[in-house]
Amino acid sequence: HGRNRGMSRTRNLGLAAARGAFTTFLDHDDVMLPDKLRTLAAALEAEPDAIAAVGPNRRWHSWDGGEDATQDLGGPGGRLLPPPGTLETSLCDSSAVPLGPLIRTDAARAFGGYSEAFPGMHEDQAFFARLMLHGPIVLVDDVLHLYRQHGESCVARTHHQGRDKMARRRFLHWLGDDLARRPETHPALQCLVASELEETLGGRRSEEHTSELQSRQYLVCRLL
């Protein structure tokens, strides 16, 4: 065995080995409800242009006596959303990043699967950014995924170590660079990335910071 290359590399190995038309991922501490695959597959079959079917998850605290909360993806299901899908919603609210979509395997391979620049924290955000920018998605209303909340998760450990903002800043830099390389333009999304990046720096609009954003070519609107 070689060194541990992280979650993204592991999932990409699974994607490379996948034989079915559809692929999904499930973390070891989460739960997929019995009807999930059937429901999402039916949604994809009904929308042949969609590259993935996405539904809300339940932030699962009740396994340990807490109170659950259902994710809000920013709108009702039954819709085919063109790029960038729900990406703007999830950038404004990190709790709105969907988990475990059912993806057309060929599409996931075409956009490169998981970015191995993120072996741990923000690996899902980077994957969903690629997914949402690659093609249309279809939303479903059913809650079919239980996202277990506990103190040993990657997210919880990052928070306890005080590395939240640093990790988010790294993701936003990555996304800004990715958007700048794409032939299609998403000015509203680029503006949002710049605004969210500024927030990770405490809202400081220093001259040096503004210059950095402009040099990365994704400050495309005036931040108010």
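Predicted model: local features only at pLDDT ≥ 70, side-chain atom pairs only at ≥ 80, totals over all residues.
**Ground rules.** I number residues from 1 along each chain as its sequence is written, and I work with heavy atoms for side-chain values, leaving out hydrogens and water.

**Helix α1.** The twelve residues of α1 reach 17 Å from the first C-alpha to the last, close to the 16 Å expected, where the expected span is 1.5 Å times one less than the number of residues. I noted Gly 6, Ser 8, Arg 11, Asn 12 and Leu 15 of α1 as buried, with buried meaning under 20% relative accessible area, exposed over 50% and partly exposed in between, for a 1.4 Å probe and protein chains only. These buried residues pack against β1 (22-23), α4 (105-110) and α5 (123-134), and contact here means heavy atoms within 4.5 Å.

**Loop between α4 and α5.** I found Ser 115 in this loop; Ser 115 counts as buried at 5% relative accessibility. Leaving aside neighbours within four places in sequence, Ser 115 is in contact with Ser 8, Ala 126, Arg 130 and Trp 174. His 122 also has its place in the loop between α4 and α5, and I recorded its phi as near 75 degrees, a positive value in a residue other than glycine. His 122 is buried, with a relative accessible area of 6%.

**Cis bond.** In the loop between β6 (80-81) and α3 (87-92) I checked Pro 84, which a cis peptide bond joins to Pro 83, with omega about 10 degrees. For background, most peptide bonds are trans, and most residues other than glycine have a negative phi.

**Nonpolar cores.** I took a core as a set of buried Ala, Val, Leu, Ile, Met, Phe, Trp, Tyr and Cys residues joined through side-chain atoms within 4.5 Å. The largest has 34 residues, and Leu 91, Phe 171 and Leu 175 have the most contacts inside it. The largest share of this core, seven residues, comes from α5. Not counting residues up to four places away in sequence, Phe 171 touches Leu 91, Phe 118, His 122, Gln 125 and Ala 126.

How values were computed
Helix = DSSP H or I, 4+ residues; strand = E, 2+ residues; numbered from the N terminus.
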